[in-house]
Amino acid sequence: MNLLALDELTTLATQSNSTCISIYTPMERLGAETQQNPIRFKNLVRQAEEQLLAMGMSEQDAKQLLQPIHELDTYEFWQHQSDGLAILLSPNHFRYYCLPISFPKLTVVTDRFHLKPLLQLLSGDGQFYILALSQNQVRLFQGTRYHVNEVELTDVPTSIAEALQYDDPEKSLQFHTASSQGSSGGDGSAIFHGQGAGNDDQKDRLLRYFRQVSKGLESFLKNEQAPLILAGVDYLLPIYQQANTYAHLLPDGITGNPEMLKPEELHTRAWQIVQPYFEQAKEATIARYQELQATEKTASTIEQVVPAAYFQRVESLFVPVGEQVWGVFDPEANSVHIHAQHQAGDEDLLDLAALHTLTNGGNVYAVEPENVPQDKAIAAVFRY
């Protein structure tokens, strides 16, 4: 299974091949209904094979291409599922994602991957990160409104001891957080001990520790726009904010010792912080669309939005999930042709607009069709 991040999506979006297979299916997590998961899976894979044969591929070549998907069908695989399964396969790429959103059943075989169902996790209100900090532990979680998963980190120090292991041992920082029993420091404030206790040396060491953590996160969070929430005892948060280089760190954090919090508890508290942030951003974008609607800085037709997204003009986009508009965009002629039914060589133009907006630094809100502003098929605010 692969983690889904913006860089990963960008890589997938730029892949082009004569046979890119995209399969999406909802998953049942509890009860007898879970028996439907492998049945739906096999039906969708069969649809992919039928589409390959209809495109002129031989039966042997189709089965060979689909072999990595067939190999997923094991008891162990079905024991580790979430609410939705996404599978992306081409002759050169194979990715699958067990994700905390339920997808409508869909199989698409075209010359590039169909990625719009994934945008719910990476769009303007889809994803956030939690950085749980203490002296002894650094953990990063990738969260959505539905779920949270811990991210395996590399090039990030796991503790202050590791980060500063080559410092003068005489200056090592020694402190603990007072417990709530028998101490006035039960609110998580720091109590310092040892040489130089309470002076700027401790803060300096923490700052150098956190600068290493922030630098280590740079490669993972590169090009990300998702908000980052800190979790830690209250005296650590402002020090990390000083060391931070990630542009989307939120000012509010989760206070308390994160080592004592389960991932589910971190998720609940983080969502309380980030949900208003998401809602404010979305409402502000809707208000901006309505304010500019009578100008040339907005558009609500696919014929207008697709070329604008391709040529990096779209600042914000509302696109409906669970719907497809099939057709062809010719960037050289700057023309869009929409077809009532899927034809050979077609792509989902909603998918195309959303991907180009997102990978060109715009904001995408993948919403239910009735939540697109003013009940339009698509809605965009332009940069210029």
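The model is predicted, so local features need pLDDT of at least 70 and side-chain atom pairs pLDDT 80 or more, while totals for chains, interfaces and linings use all residues. Residues are numbered from 1 along each chain as its sequence is written, and side-chain values use heavy atoms, leaving out hydrogens and water.

L358 belongs to helix α11, residues 349-359 (helices are DSSP runs of H or I, at least four residues, and strands runs of E, at least two, numbered from the N terminus).

Next, select K116, in the loop between β4 (106-110) and α5 (119-122). K116 is buried, its relative accessible area being 1%. Display its contacts (heavy atoms within 4.5 Å): beyond residues up to four places away in sequence, K116 touches V319, P320, G322, E323, Q324, D348, L350 and D351. At E323, the backbone oxygen lies 2.5 Å from a polar atom of the K116 side chain.

Finally, select helix α7, residues 200-221. Its 22 residues should span 32 Å at 1.5 Å a residue, and the end C-alpha atoms, 30 Å apart, agree with this; the expected span is 1.5 Å times one less than the number of residues. Colour the buried residues of α7, among them R205, Y209, F210 and L217. Just after α7, stop at N223, where phi is positive, about 70°.

Conventions:
Buried < 20%, exposed > 50% of the residue type's maximum accessible area, 1.4 Å probe, protein only. Polar contact = N/O pair within 3.5 Å; in protein donor to acceptor, adjacent residues only side chain to side chain.
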